[in-house]
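Student: I have a new structure open and I'd like to learn how to read it. Could we go through it feature by feature?

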Amino acid sequence: MLPLPDPIAMAIPFKSIIVGTAGHIDHGKSALVEALTGTHPDRLEEEKRRGITIDLGFAFLEQDGVRFGFVDVPGHERFVSNMLAGASGLDLVLLVIAADESIKPQTREHFDICRLLGVKHGVVALTKSDLVDADTAGLVRLEVEEYLRGTFLQDAPIVAVSARTGAGLPELMKELHLAASEVRGKDAAHLFRLPIDRAFAIKGFGSVVTGTLISGSVSANDEVELFPERAVLRVRGVQSGGKAVERAQAGQRTAVNLAGIEHTTLKRGMALATPGKFRATRRIDARLELLPSSPKLKQRSRVHFHAGTSEAVAEIFIYGGNELAPGQSAFAQLRLQEEALLLPGDRFIVRQFSPVITIGGGVVLDALARRPLTRDTGRVAFLETLERGDKEDMLSAMAERSLGGITFSDIAARTGWLDAEIGEVGKKLTASGRAKNVAEPLILVPAKAYDEARQKIADRAERFHKENPLLPGISREELRVGLGRRVRAETFRTALEELVAQKKLELQGEVVKRAGSSIHLEPEEARAKEQIETAFAAASLTVPTVKEVLNGLPVEAKHAEKILQILLRDKILVRITPELIFHRDTLARLKERLLTYKKTKSERISVPVFKELTGITRKYAIPLLEYLDRERITRRAGDERVIL
Ligand SMILES: Nc1nc2c(ncn2[C@@H]2O[C@H](COP(=O)(O)OP(=O)(O)O)[C@@H](O)[C@H]2O)c(=O)[nH]1
Ligand SMILES: [Mg+2]
């Protein structure tokens, strides 16, 4: 017979499968993992001494192109929270039931947990088959079949085995391979996420964390972000399946050696992720399901919340009801006492506050939820859209619920989608006219909100013209501020550009005006304008006060002030102090005279000489010289001015 081809030599990628044990204490879970892999999964001294699994244990087996990572969980009810940390990220469950004891409480609890966590595949091992006769074995098999009817394991193989004699082990392995072939692997191309289940130090290496890599991949020299701490750390090295590797992929048991952090600051429940993408959360909206065996859940109950490897006390707010009946599900908010890194689609388990039993679980829909408010009537429809999972609808709904638009980084943090995916879905939304992109790379504003903003801009500019016929238009800033905070600056800019492109509005510097509009002056206003100009021009440097000029006009004071503003805007008049206004020709002549003085007399001029030269009093001379300083015609040097 030909030797089997070596998968490594043939560069066939291994399929990585995480197998988790589940079942009552003493049913032979750890013994079975040892019998299959050659590794006894109990690691702790205490576990070995007492012969009981307390924490998670790990063992590996590579066979026929499959890399099995076994996560062995404790069966004792006191250690269910450890079991939960191991149960997240399972591809398939190895449900262990001792043939001499059949189904026991933690068989049920572990199985419920697997179901609530969305585990889809599994194999049942009837262990300790060497201890029972054929009749008993047959009876237990019937009980198990009955128990699993209608669940995800109803068609799963039930294999009688003995870790002691080795009976049934080859058949069990065969079934594990079959089940593994049905598992759809986790997505290595996605953003990296690793819930941490262990943290320790290795002499000479420093801090190491381990976990089941649930998404993406990680390799040496990557930067990763630690949650909820939000520290960015460098990866020194990576192991998977107990061996150093270049890159660990989703679906693998993974150890990450981290630089720049004490192992004592790292602990189970934290997570590593692609840096700069995600946000930790304390409030999630979810689909919450209560087990039929659970008592009813009251509004504002406190529970223990478990997701990934993390756990926190949480308060539950049920939407659309005051309690949740056993076996029912509802949308609910969970307010966590501690921050966690969660994304939509993440599964979680809830356990009763006291006594601690598993009562239900669910799936995260909105990981960055707002607090529950009775006036927030759109929430249930929003959660329904998220639950349906159509990406365009989801993004559209997210944009609609955002205040004034959703940015690229908001979308990434809320969905965990890849950049390319965000771009693609965003493009579809804008192409179909459901949303408008108002800035690169992406700020999505719902079409309705955008159209409203644009209309408001046009209306306000128009209204301004009506109310201020003597002004050229509204200032850009005044127009923007008047729209309120819900219209973000980018929306304003885009909508304004659009209105200008459509020749509805015109931009003149910072002034927004109706396209083609010019100021229309009534005959007496035009006369008044002329009078003002003449008054200042005739006065030369000894100008009258503004009040004096305006009072002698044939128009109302309000109009007179506006006409003055027009002259100032058009720079026919120049205001050099709040009280002093000069005609531009007067100032131009003054500048010329100074230059002549410089050429013919001196580069320097004192205040008295300036007064003499211009024939004005100190009241005018000082502000004028300060104005000339500002204009860089002169520069102050002690008591004198240097003419520049
Ligand atoms: N006779 C027999 N004993 C077993 C078998 N598997 C496990 N045991 C024993 O059952 C006890 C509990 O096994 P263990 O693997 O620690 O159970 P766990 O708590 O489910 O992990 C140990 O004393 C094992 O030696 C088996 O197939 N046959
Ligand atoms: Mg054990």
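Student: Let's start with the fold. In which strand does S219 lie?

Tutor: Keep in mind that this is a predicted model. S219 lies in strand β10.

Student: Is S219 buried or exposed?

Tutor: The idea is to compare the relative accessible area with a cut-off: buried means under 20%. S219 has a relative accessibility of 9%, so it counts as buried.

Student: And which side chain does the side chain of S219 join in a polar contact?

Tutor: That would be R247: the two side chains are joined by a polar contact of 2.9 Å.

Student: Where is G216 found?

Tutor: Look at the loop between β9 (206-212) and β10 (217-219). G216 is buried there, with a relative accessible area of 0%. Sequence and space can also be read side by side: G216 and H190 are 26 residues apart in sequence, while their C-alpha atoms are 4.5 Å apart in space.

Student: Now the metal. Which residues coordinate the magnesium ion?

Tutor: For a metal, look for donor atoms, which are N, O and S atoms within 2.8 Å of it. Here the magnesium ion (ligand 2) is coordinated by S30 through OG and by T53 through OG1, at 2.0 to 2.1 Å.

Student: Why does this pair tie together separate parts of the chain?

Tutor: Because S30 lies in helix α1 (residues 29-37), whereas T53 is in the loop between α2 (45-50) and β2 (57-63), the pair ties together parts 23 residues apart in sequence.

Student: Are S30 and T53 buried or exposed?

Tutor: Use the cut-off from before. S30 is buried, with a relative accessible area of 10%, and T53 is buried too, at 9%.

Student: How much of ligand 1 does the protein bury?

Tutor: Compare the ligand alone with the ligand in place. Alone, ligand 1 exposes 570 Å², and the protein buries 81% of that. Its space is the second largest pocket.

Key: Residues numbered from 1 in each chain as written. Chains lettered and ligands numbered in written order. Predicted model: local features only at pLDDT ≥ 70, side-chain atom pairs only at ≥ 80, totals over all residues. Heavy atoms only, no water. Donors = N, O, S within 2.8 Å, 3.2 Å for Na, K, Ca; no water. Helix = DSSP H or I, 4+ residues; strand = E, 2+ residues; numbered from the N terminus. Buried < 20%, exposed > 50% of the residue type's maximum accessible area, 1.4 Å probe, protein only. Areas by Shrake-Rupley, 256 points an atom, 1.4 Å probe, with all protein chains shown as cover. 1 Å grid on protein atoms, 1.4 Å probe; cavity = no way out; pocket = protein on both sides within 12 Å on 5 of 7 lines; lining within 4 Å. Sits in = over half its atoms within 2 Å of the grid points. Polar contact = N/O pair within 3.5 Å; in protein donor to acceptor, adjacent residues only side chain to side chain.
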